[in-house]
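This report goes through the fold of one protein chain, one region at a time. The chain itself is shown first.

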Amino acid sequence: MDNEFKLTREQRRMIDGLEKDEDKDFTVKALRSEWEWENSFDGVFDNLGHLNVGVTLEGVIVRAVHKLPPKVREFVYGRCVFVSFAEGGGQCYYKRTKRPWLIILGEKADESVVAHEIAHARLGHKCDLLGNNMEVAFKTETEACSLAKEWGFVGLGTEVDKEIIEAVERKDAGK
Ligand SMILES: [Zn+2]
């Protein structure tokens, strides 16, 4: 994640266009504090809006989204809705209509799992709920795991499920 406040070229140009130094200072300060808000837990929490998933999962989602690159965070705010399963650790996602992406999380989901499901949405994967096509599952799982890893996550959501790897290997061996 970009951890430093930097003015964009557009902002720089806008500030250079200001006549008074005090206006320039004020504008930089305002932009900095806006950036700081967007990159704080409170800012992420606020941007996510109402999450009806329980306090524990809510905290996990906020921490995970906080770690995402700013562009991906924007995608989450605008396009993703989080839903929690009452029980079990299962998690999935699917594209119901053009928007939003429904991110369904088991109550035991950790930050890496949240990132993994967001990665599926970001990559435009279709959910194969029944796991009918193991090769497609292997490809999409590998991609989602790599992207979550690229975003800096570690854990379950960055490791392809053993059962999927074994199923693909069985098929390759012609069994
Ligand atoms: Zn997956």
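## Helix H6

In this predicted model, the buried residues of H6 are Glu111, Ser112, Val113, Val114, Ala115, His116, Glu117, Ile118, Ala119, His120, Ala121 and Arg122. That makes 12 of the 13 residues in H6 buried, so the helix is mostly covered.

The length of H6 agrees with expectation: its 13 residues should span 18 Å at 1.5 Å a residue, and the C-alpha atoms at its ends are 18 Å apart. Just after H6, Gly124 has a positive phi of about 75°.

## Overall make-up

The chain contains eight helices and three strands. Read from the N terminus, the order of elements is α-α-α-α-α-β-β-β-α-α-α.

Of the 175 residues in the chain, 24% count as buried. Taking contacts between residues at least 6 apart in sequence, 49% join residues at least 24 apart.

## Nonpolar core

The largest nonpolar core has 27 residues, and those touching the most other members are Ile61, Val114, Ala115, Ile118 and Ala148. Two or more residues of this core come from each of helix H4 (55-67), strand S1 (80-84), strand S3 (101-105), helix H6 (111-123) and helix H7 (134-150).

Ile118 is listed both among the buried residues of H6 and among the core residues with the most contacts to other members. Apart from neighbours within four places in sequence, Ile118 is in contact with Val76, Cys80 and Ile103.

## Packing of H3 against H4

Helix H3 (residues 41-48) packs against H4 at an angle of about 110°, and the two axes are 9 Å apart. Angles of 65 to 115 degrees count as roughly perpendicular, and H3 and H4 are therefore roughly perpendicular to each other.

Which residues meet where H3 and H4 pack? H3 contributes Phe41, Val44, Phe45 and Leu48, while H4 contributes Ile61, Val62, Val65 and His66. By type, the residues of this contact are seven nonpolar, one polar and no charged. Ile61 of H4 takes part in this contact and is also one of the core residues that touch the most other members.

## Loop between H1 and H2

Leu18 lies in the loop between helix H1 (9-16) and helix H2 (21-38). Is Leu18 buried or partly exposed? Leu18 has 13 C-beta neighbours inside 10 Å and therefore counts as partly exposed, since a residue needs 20 or more to be buried and is exposed at 12 or fewer.

Leaving out neighbours within four places in sequence, the contacts of Leu18 are with Asp23, Lys24 and Thr27.

Key
Residues are numbered from 1 along each chain as its sequence is written. This is a predicted model: local features need pLDDT of at least 70, side-chain atom pairs count only at pLDDT 80 or more; totals for chains, interfaces and linings use all residues. Helices (H or I, at least four residues) and strands (E, at least two) are DSSP runs, numbered from the N terminus. Two residues are in contact if their C-beta atoms, placed from the backbone, lie within 7 Å. A nonpolar core is a set of buried Ala, Val, Leu, Ile, Met, Phe, Trp, Tyr and Cys residues joined through C-beta atoms within 7 Å. Axes are lines fitted to C-alpha atoms, for helices over the stretch in contact, and angles run from 0 to 180 degrees between N-to-C directions. Angles under 35 degrees count as roughly parallel, over 145 as roughly antiparallel, 65 to 115 as roughly perpendicular and the rest as oblique. Ala, Val, Leu, Ile, Met, Phe, Trp, Tyr, Cys and Pro count as nonpolar, Asp, Glu, Lys and Arg as charged, and the others, Gly among them, as polar. The expected span of a helix is 1.5 Å times one less than its number of residues.
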